[in-house]
Amino acid sequence: MATEAPPPPRKGTEAASAPVTPTTEQFVEVQEGAEFGELRRTYRSFAFPLTLAFIAWYLLYVLLSNYAGGFMGTKVFGNINVALVLGLGQFATTFLIAWLYSRHAANRLDPQSDAIRKRMEGDA
């Protein structure tokens, strides 16, 4: 049976390769620090506006579906109507937001969180 766990450390190398586990007080200190606050602001400045925009876009679609049947039934071309185009737009928007967040996290959040983690584990 294979596992994803790394092999056990060899005798004599355990202390040199094991990361330092921070104390609760160190976690609280970092959480209250400016660096963590900046990480949180960076995350929130991206996630909150996009979340609100997507919820508004979704609710607009639901409201139009319920109360603007004539508009949603308008044919765009062939048998494709506005409702289908907007519905597919919901899927496209979901994937676009996921891709944008992935890029944002890789470029902005991951470097900041890695710096905090390394400092807490004693690597830096």
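At 22% relative accessibility, E121 counts as partly exposed (buried is under 20% relative accessible area, exposed is over 50% and partly exposed sits in between, using a 1.4 Å probe and protein chains only). All views come from a predicted model, where local features need pLDDT of at least 70 and side-chain atom pairs count only at pLDDT 80 or more, while totals for chains, interfaces and linings use all residues. Numbering starts from 1 along each chain as its sequence is written, and side-chain values use heavy atoms, leaving out hydrogens and water.

**View A. E121 pairs up with R117.** Their side chains form a salt bridge at 3.0 Å, N to O (a side-chain nitrogen of Lys or Arg within 4 Å of a carboxyl oxygen of Asp or Glu). Both residues belong to helix α5 and sit 4 residues apart, about one turn of the helix. Helices here are DSSP runs of H or I with at least four residues, strands are E runs of at least two, and both are numbered from the N terminus. R117 is also partly exposed, at 35%.

**View B. R119 reaches E35.** The closest N and O atoms in this salt bridge are 2.2 Å apart. R119 sits in helix α5 and E35 in helix α3, so this pair ties together parts 84 residues apart in sequence. Both ends are partly exposed: R119 has 42% relative accessibility, and E35 has 35%.

View C. E38 comes out as partly exposed, at 33%. The structure holds 3 salt bridges.

**View D. Helices α3 and α5 run side by side, roughly antiparallel.** The axes of α3 (residues 34-67) and α5 (residues 82-121) come within 10 Å and cross at roughly 175°. Axes are lines fitted to C-alpha atoms over the stretch in contact, with angles from 0 to 180 degrees between N-to-C directions; over 145 degrees counts as roughly antiparallel. By class, 18 nonpolar, 9 polar and 4 charged residues make up the contact of α3 with α5 (nonpolar: Ala, Val, Leu, Ile, Met, Phe, Trp, Tyr, Cys and Pro; charged: Asp, Glu, Lys and Arg; polar: the others, Gly among them).

**View E. The whole protein has 5 helices and 2 strands.** Along the sequence, the pattern goes α-α-α-α-β-β-α. Of its 124 residues, 17% count as buried.

Note on methods:
Parallel < 35°, antiparallel > 145°, perpendicular 65-115°, else oblique.
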